[in-house]
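Here are a few notes to read alongside the structure. Have it open while you go through the points.

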Amino acid sequence: MDRLIEAIENAQNPSVVGLDPTEALVPPQVVASFADEVRDSVEDENELPAAQLAVAYFEFNRAIIDAVADIVPAVKPQIAMYEALGPAGIDVYTMTCEYAQQQGLYVLGDIKRGDIGSTAAAYAGHLSGVGAGETAYDPWHEDAVTVNPYLGTDGITPFVDAAAAHDKDVFVLVRTSNPSSKELQELDLAGGGKLYEHVADLVEGWGEPTRGERGYSRVGAVVGATHPEEGAALRERMPHTFFLVPGYGAQGGTAAGVAGMFDKDGSGAIVNSSRGIIGAWKKTGAWNESMSADQALDLVASAARDAAADMRDDLRVSVYR
């Protein structure tokens with residue numbers, strides 16, 4: 001987590017851009033522009049739509065990464081958007097992660113895995129890679145991943161061990177931003193407190209052996225921006241746990257609301273925005289059907305850069321107080 005904190009300090013920007021492309025977020029002319037190129041590369045015509053979208057997703061991601069690389073310290077690709085396209089999508093996910101790392105960005109893979117035993121150890125390959133020594137290979141190019149704690153310690157330990165061995169990090173779901181999270185996370189426990197508070201205590205404990213020079217462990221927590229009061233209370237409860245804060249912008253979270261999730265030095269959290277940045281081009285009113293694919297990507301990039309800069313400035317006012 002020390003590397004992430006250093007990247008945030010260098011950028012003076014505690015925000016991460018979620019790279020969650022969908023067909024609705026990619027300009028249609030970008031998708032259409034790859035039809036002929038992709039048609040020659042697929043063996044089965046039925047593969048064409050997924051392959052065409054996959055190529056478009058990568059060009060879309062690359063345009064955004066190039067636009068924001070000097071503004072933000074990190075990106076967060078959501079693997080579900082890529083898995084939906086099958087093997088071609090997985091290739092684009094790994095290519096996106098690799099490209100972002102090449103541009104100097106910290107890559108947080110939003111994979112939300114959760115299992116036990118040998119299965120959890122296999123999922124932890126997202127952090128450990130394949131092989132060891134001179135034959136080691138990292139196919140995923142992630143600096144951290146998100147995990148689901150519902151199966152308890154058995155489901156978390158393999159990720160923590162892999163993170164510690166390979167200088168990477170884990171973010172555990174604690175208090176998520178979605179409305180129905182209360183169905184489970186707000187349940188009252190027989191001994192007092194809420195279920196999410198018990199999970200918070202577990203996360204703080206899981207990370208204790210891995211604390212870095214900055215005081216934060218390799219085991220972070222996902223705490224939604226839509227729960228500002230609870231987030232501030234969790235900040236006090238989890239002094240050595242770094243927060244990933246989704247829910248800013250499109251879901252209703254604000255810079256003022258997330259301020260309490262940072263520590264007294266303005267550290268301890270990074271705030272995510274996905275649609276608000278990668279979909280910012282749709283709100284400019286500048287897009288039109290006659291644009292070329294290159295013109296549309298230029299619009300995507302300039303709008304994403306402006307939105308990322310606005311978010312940075314908002315957070316600076318609220319967090320670096």
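1. Keep in mind that this is a predicted model.

2. Zooming out, Ile-64 is among the residues with the most contacts inside the largest nonpolar core, together with Val-17, Val-203 and Phe-243. That core has 89 residues, and helix H15 (residues 293–319) gives the most to it, with 14 residues. Apart from this one lies another core, of 16 residues, including Leu-4, Tyr-106, Ala-144 and Ile-270.

3. Now have a look at Arg-218, in the loop between helix H11 (195–207) and strand E6 (219–223). Is Arg-218 buried or exposed? Its relative accessibility is 18%, so Arg-218 counts as buried, the cut-off being under 20%.

4. What does the side chain of Arg-218 pair with? There is a polar contact of 3.1 Å to the side chain of Asp-167. Beyond its neighbours within four places in sequence, Arg-218 is in contact with several other residues too, among them Met-1, Ala-163, Lys-168, Asp-169 and Thr-210.

5. Last, the helix pair H4 (residues 48–68) and H6 (residues 87–102): their axes are 9 Å apart, at an angle of about 15 degrees. That angle is why H4 counts as roughly parallel to H6, and their crossing is right-handed. On the H4 side, the residues that meet H6 include Ala-50, Ala-54, Phe-58 and Ile-65; on the H6 side, look for Ala-88, Gly-89, Val-92 and Tyr-99, among others.

Technical notes
Residues are numbered from 1 along each chain as its sequence is written. This is a predicted model: local features need pLDDT of at least 70, side-chain atom pairs count only at pLDDT 80 or more; totals for chains, interfaces and linings use all residues. Side-chain values use heavy atoms; hydrogens and water are left out. A nonpolar core is a set of buried Ala, Val, Leu, Ile, Met, Phe, Trp, Tyr and Cys residues joined through side-chain atoms within 4.5 Å. Buried means under 20% relative accessible area, exposed over 50%, partly exposed in between (1.4 Å probe, protein chains only). Helices (H or I, at least four residues) and strands (E, at least two) are DSSP runs, numbered from the N terminus. A polar contact is a pair of N or O atoms within 3.5 Å; within protein, one must be able to donate a hydrogen and the other to accept it, and residues adjacent in sequence count only if both atoms are side-chain atoms. Contact means heavy atoms within 4.5 Å. Axes are lines fitted to C-alpha atoms, for helices over the stretch in contact, and angles run from 0 to 180 degrees between N-to-C directions. Angles under 35 degrees count as roughly parallel, over 145 as roughly antiparallel, 65 to 115 as roughly perpendicular and the rest as oblique. A crossing is left-handed if the near helix is turned anticlockwise from the far one by less than a right angle, and right-handed if clockwise.
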